[in-house]
Every structure is written in structure tokens, then in C-alpha cells.
Amino acid sequence: MYSEAATQYKGENIWNRGSKTLTSGTYYVQIANRGAYYPATFMFNLNGHNWISANKVTCSQSAIQLSDIGKKKVIAQTVPANSDDKIVSVYDHLTGKTWDWYNSNKVDYDGIPSSATAPGKHKWITFKTTNGKTFTTYVISPAEKLKKPRVATGYNSAKFWIDYPNKLQTSVRIQVLKKGKWTTAKTIGYFSCGNSNPVTIKGLKPLTNYKFRVQAYANGMTGTPSNIVTMKTGSKVKPAVKSIKIVQRKKVTVKGWWRKHWVGGHISRYEWVPPYTYTKYKVKVTLKKKVPKIGGMWVANNWVKGSKKSYTVWVPNGAQKGKKLTIRIRTALGKGYGNGPEVKKVIRVK
């Protein structure tokens, strides 16, 4: 090979055999064509490659499930595969760790055991080449499967107690099965969950079986639905009260105690509450008629099983101010579900 100059085609000594770094210019190549048939095709490979730069990096999977990390091999390869541009570093976005010992057209290794901090689609691994080309793979972190909620039904509503999701960014969909299709009745945020925050949905039909479930939702990802809760709503019939009579009285003595006063999570002072007595009352509630299709009755916070015409119970507390005693009554299918509408009666006591 020699460059174009005044000495071209002049003698054998102008050929510089072996490796040579080419610069810009015109070059001539001598071809020995002994035995070649005309016309002939000649292929050239100058110095191994004529610097083939990777135009991108491909991965065997551009996105995988979070559960697949550690189970699948991730293979990244330059395009074209025989590029002079090598993969020189691998960066894991989930752990913030960089592997920079690669110098190859292909990277083949077991998945890095990372875990995403929130549900959604996350950058996982970025591959970088000598020439600065990059390609990023993604890992899909689904929303979690929530625990089965606790449910108490009324005659036209249901109350839910939902455990907190493991991720703060997660909201919860309360779903009801209607005509064979799961529909979302209400969506609540993370901070609306917990045992102290029951959530109520309305618009249900009385004396009807319903199937409920909850499903986590976060950053476009829905979790596997919870196990199903099947509950029945109660009767919408209000008990018609005929009479309420006091059948027994009992004096109750309460011992004195020191009452704590809290400020900012700390006890600020103690207050002595002296002993006192009050009267506890036993009442008989008589209905005009039995209420059908119920499992029992709540009378003054007491659960009494069975459909009856009269109920005799102790009222938990004594009379309120003005010698008034409040009696609340409602039907229910069971002790924790199927509650009917409440009837409130106030009687005077001596």
C-alpha cells in the first residue's frame, strides 16, 4: 500500500508491508491476481476493522418483572455485534452500584439481586460503550397483594377496615362484584387505611349477598387482588317500639383514680378523680311485632340473638344529665354484620 505521490508505480521498494495508521488521503492497493478469473471481486479488511462504532446496545429483555431479578441472565450486546466500540461499564440504578471492568461486545451475567423502592417501572441497568453510547433496561415492580379486609355490613352500606400497604406511595381500590364484573366503588390513599380509619361505601341493596375485595394501585401498577370477602346486608325494616320499662336498678360504686393529662405525647399533670356512685338500669324493650329475616337485635349496645317481641338488657351506663336514659335499637343478621337502621329512644328515670 502506498499513498498517491510522484513516486507512484515506481519500483517494489515503495511498498511498506505490515501495519500502518492511515490518515486522510488517497491510497493504492496492489492485488496479486494469479489464478483469478475475470471479472473478479476483491474484499478488503484494513487493520481488522475500519472502526465500526456501536450505534446502540440491545438487551435480551428491555423490561422484566421485579421477581425475575436473580433468576434470569441479562445479555447486552453492541449493534453491530462485531463493533470496535466495546461495553465498558454497567450501572445498576436500584442499588447505585457500577461495574466498570467490562470491555466486550457482550455482557452475560446473573441478575443483580436488587429491589425497587416503590411499585412502578424503574430504570434498572444502563450499559455504556467506549464511544459513549448507552442503553437502559427496566424492571417492573408490581403493586403488592393486600390482606383481606375486615367488613361490617349495614342494610345499604358496608364498612371496611384495611391494613396499611407496605409502600407509602400505594393507594387502595375497594371493589364490589356486580353482574359478574369487579367494579371499583371507592379509591382511598395510604393514610386513609388502618384500623382507626374505617371506610364506608354506600348504595348497596338490603338482604343481598355481596362479594368484596381490595386491590393496591401505585404508579400505574395494580397488585394482585386480595382474597374475597362475602357478606350479606341487613334488613331495612326499623323495629317499631311499643314500650320501654325499667325492671331493675343497681347502685354501682367507682373507686377514685389519678387521671393523666397528656400534652405533645407527654404527661403534663395528674388529676385526682374522687370515688362516686351511679345507678345502672335494666330495661325491657317491647316491640309492636317481631322483625322478620334477622339474626338478632342490638339493644343498648347488647347483642341479643333471635327475632323476639321483647328484649331485656342492662344499659351499660347510668342516666345522663337531666335523668335521661338513651336506648339505641337496631336489627342485625349477626353480631358483626347485617345491621339495620337505628332507632333512638330516650326515657326519663328516677
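How many aromatic pairs does a search of the whole structure find? The search finds six aromatic pairs. The model shown in these views is a predicted one.

**View 1. Aromatic rings around Tyr-210 and Phe-212.** Among the aromatic pairs is the one formed by Tyr-210 and Phe-212, which is stacked. The centres of the two rings are 6.0 Å apart, and their planes make an angle of 20°. This pair counts as stacked because its planes are under 30 degrees apart. Tyr-210 is buried, at 9% relative accessibility. Phe-212 is buried as well, with a relative accessible area of 0%. Ring pairs also bring in Phe-160, so that Phe-160, Tyr-210 and Phe-212 are linked into a cluster.

View 2. Trp-258, Trp-262, Ile-267, Tyr-270 and Trp-272 make a nonpolar surface patch of about 620 Å². Two elements give two or more residues to this patch, namely β20 (257–263) and β21 (266–273). Strand β21 supplies the largest share, with three residues. Tyr-270, one of the residues of the patch, is located in strand β21. Its relative accessibility of 48% makes Tyr-270 partly exposed.

**View 3. The salt bridge between Arg-259 and Glu-271.** Two salt bridges are counted in the model, and one of them joins the side chains of Arg-259 and Glu-271. The distance from N to O in this salt bridge is 3.7 Å. Arg-259 belongs to strand β20 and Glu-271 to strand β21, so the pair ties together parts that lie 12 residues apart in sequence. Arg-259 counts as partly exposed, at 35% relative accessibility. Glu-271, with a relative accessible area of 29%, is likewise partly exposed.

**View 4. The salt bridge between Arg-328 and Glu-342.** A salt bridge is formed by the side chains of Arg-328 and Glu-342, with 3.1 Å from N to O. The pair links distant parts of the chain, 14 residues apart. Arg-328 lies in strand β26 (residues 324–332), whereas Glu-342 lies in the loop between β26 and β27 (343–348). Arg-328 is partly exposed, its relative accessible area being 37%. Glu-342 is also partly exposed, at 39% relative accessibility.

**View 5. Val-346 and Leu-325.** Val-346 is part of strand β27. A separation of 5.5 Å is found between the C-alpha atoms of Val-346 and Leu-325, although the two residues are 21 residues apart along the chain. Val-346 has a relative accessible area of 45% and is therefore partly exposed.

**View 6. A patch of positive charge.** Five lysines, Lys-242, Lys-245, Lys-284, Lys-290 and Lys-309, gather on the surface in a patch of positive charge. Among them, Lys-290 is placed in the loop between β22 (276–287) and β23 (296–299). Why does Lys-290 count as exposed? Lys-290 has a relative accessible area of 52%, and it counts as exposed because this value is over 50%.

Terms used: Residues numbered from 1 in each chain as written. Predicted model: local features only at pLDDT ≥ 70, side-chain atom pairs only at ≥ 80, totals over all residues. Heavy atoms only, no water. Patch = residues over 30% accessible without salt bridge, like charges linked within 9 Å, V, L, I, M, F, W, Y side chains within 5 Å. Areas by Shrake-Rupley, 256 points an atom, 1.4 Å probe, with all protein chains shown as cover. Salt bridge = Lys/Arg side-chain N within 4 Å of Asp/Glu carboxyl O. Lys, Arg positive; Asp, Glu negative; His and termini not counted. Charge placed at Lys NZ, Arg CZ, Asp CG, Glu CD. Helix = DSSP H or I, 4+ residues; strand = E, 2+ residues; numbered from the N terminus. Buried < 20%, exposed > 50% of the residue type's maximum accessible area, 1.4 Å probe, protein only. Phe/Tyr/Trp six-rings, centres within 6.5 Å; stacked < 30°, edge-to-face > 60°.
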